[in-house]
Amino acid sequence: MSIVVNEPVPRPGILDIAAYVPGKEHAPGVARVFKLSSNETPLGASPKAIEAFKGAADHLEIYPDGQATELRQAIAAVHGLNAANILCGNGSDELLGLLCHVYLGSGDEGIITEHGFLVYKIQIIAAGATPVVVKEKDCRVDVDAILAAVTDRTKIVFIANPGNPTGTYVPVSEIRRLQARLPKNVVLVLDAAYAEYVRRNDYEAGLELVSGSRNVVMTRTFSKAYGLAALRIGWMYAPAAIIDALNRVRGPFNMNAPAIAAGAAAIRDQGFIEKAVEHNNLWLGKLAHAFEAIGLTVTPSVTNFLLIHFPDIDGKRAEDADAFLTSRGYILRAVKGYGFPNALRMTVGSEEANRGVIETLGEFMGRSA
Ligand SMILES: *Cc1c(COP(=O)(O)O)cnc(C)c1O
């Protein structure tokens with residue numbers, strides 16, 4: 001018996017996906033808006049990157065270099081890597097998706113964590129596989145919970161390190177313990193989108209682990225500390241066999257020419273990054289301190305954002321704070337979809353924005369900061 005279907009039907013699972021919702025950017029009726037909802041840097045991009053971007057405008061008729069050679073070599077030089085083990089993507093989002101499409105299929109499982117980045121889940125389902133969600137412990141990735149969830153169907157494990165929206169990190173010793181116990185055919189993805197900001201002796205983004213194994217990949221981005229979110233530049237450091245597999249599937253010109261030029265100039269300007277991290281880490285401490293002082297709880301963060309928890313009191317919940325802040329032009333990120341119904345995520349902004357949020361939240365809580 002054949003069933004007649006009179007319109008195209010997506011593969012099973014596709015329509016179960018809840019499309020990614022980016023951070024809000026508007027506050028209706030407010031003249032001056034501070035967008036602190038997408039972890040964008042308040043310091044913009046390196047002037048050298050902007051100059052390189054403009055230079056690329058003179059040759060828009062020419063296809064980009066399909067290997068993004070200039071960018072891969074610049075990344076390799078700064079991080080001391082072999083350029084052959086680097087693959088660039090249209091944002092690290094593209095690379096996360098390619099990993100799922102290459103290593104997952106129907107019947108397979110991908111492990112993600114309770115408060116993990118929503119893109120992982122979307123891409124696992126899009127590849128026809130099943131997301132398996134494991135609990136975190138106190139907003140921290142729990143390596144034992146991940147290991148307990150591994151089955152012979154597990155093909156990929158995603159960890160954001162540091163995590164978004166928690167801002168916490170997993171020490172390198174724990175990542176090593178996980179890698180040592182994972183079956184060798186499981187890809188361990190270390191998404192280090194915020195690595196530039198972390199200043200901790202027991203943190204490593206994953207470079208050494210990738211070099212010393214065949215199943216670990218690290219992804220990075222130019223969207224955060226480098227201030228190039230608009231250009232969509234991500235990169236992955238991975239064993240040769242994984243790079244080879246993804247190269248067969250990706251679009252032949254997945255990186256555009258202005259992005260290649262601007263990214264290469266940006267990564268060569270490490271002085272700019274040092275200043276950006278200095279601004280960030282100074283304010284990260286000040287903000288956390290100020291919020292605690294007015295009776296809020298903050299999850300300790302090593303990133304460029306803070307997860308702020310609100311009291312479970314009528315009129316003082318995250319939703320109420322969100323509305324109050326938005327009415328004053330401060331746009332934070334609601335994180336209900338990440339399992340935090342009573343918290344907001346705030347990106348560290350300019351001094352003016354940060355002071356404004358401290359004052360506004362002080363008013364909201366009825367306590368001056
Ligand atoms: C921002 C972010 C990224 C970066 O995505 P791009 O596509 O490179 O802009 C990746 N992972 C996490 C956890 C992030 O928060």
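Predicted model: local features only at pLDDT ≥ 70, side-chain atom pairs only at ≥ 80, totals over all residues.
A polar contact here is a pair of N or O atoms within 3.5 Å, where one must be able to donate a hydrogen and the other to accept it.

Start with the layout. The protein chain splits into domain 1, made of 14-44 plus 271-365, and domain 2, which covers 48-268. Between their C-alpha centres there are 25 Å.

Now look at where the two meet. On the domain 1 side, 29 residues are in contact with 29 residues of domain 2. Together the domains bury about 2,500 Å² between them, and carbon and sulfur atoms give 69% of that area.

What about polar pairing across the interface? The rule turns up 0 salt bridges between domain 1 and domain 2. Polar contacts do show up, though: 5 residue pairs across the interface, with both partners at pLDDT 80 or more.

Which elements of domain 1 do the touching? Two that each supply at least two residues to the side facing domain 2 are α10 (270-293) and β12 (305-309). Of the elements on that side, α10 gives the most, with 6 residues. Sorted by class, the side of domain 1 that touches domain 2 comes out as 16 nonpolar, 12 polar and 1 charged residues.

Conventions:
Residues numbered from 1 in each chain as written. Heavy atoms only, no water. Domains from an automatic or database assignment. Contact = heavy atoms within 4.5 Å. Buried area = accessible area lost by both parts, 1.4 Å probe. Salt bridge = Lys/Arg side-chain N within 4 Å of Asp/Glu carboxyl O. Polar contact = N/O pair within 3.5 Å; in protein donor to acceptor, adjacent residues only side chain to side chain. Helix = DSSP H or I, 4+ residues; strand = E, 2+ residues; numbered from the N terminus. Nonpolar A, V, L, I, M, F, W, Y, C, P; charged D, E, K, R; others polar.
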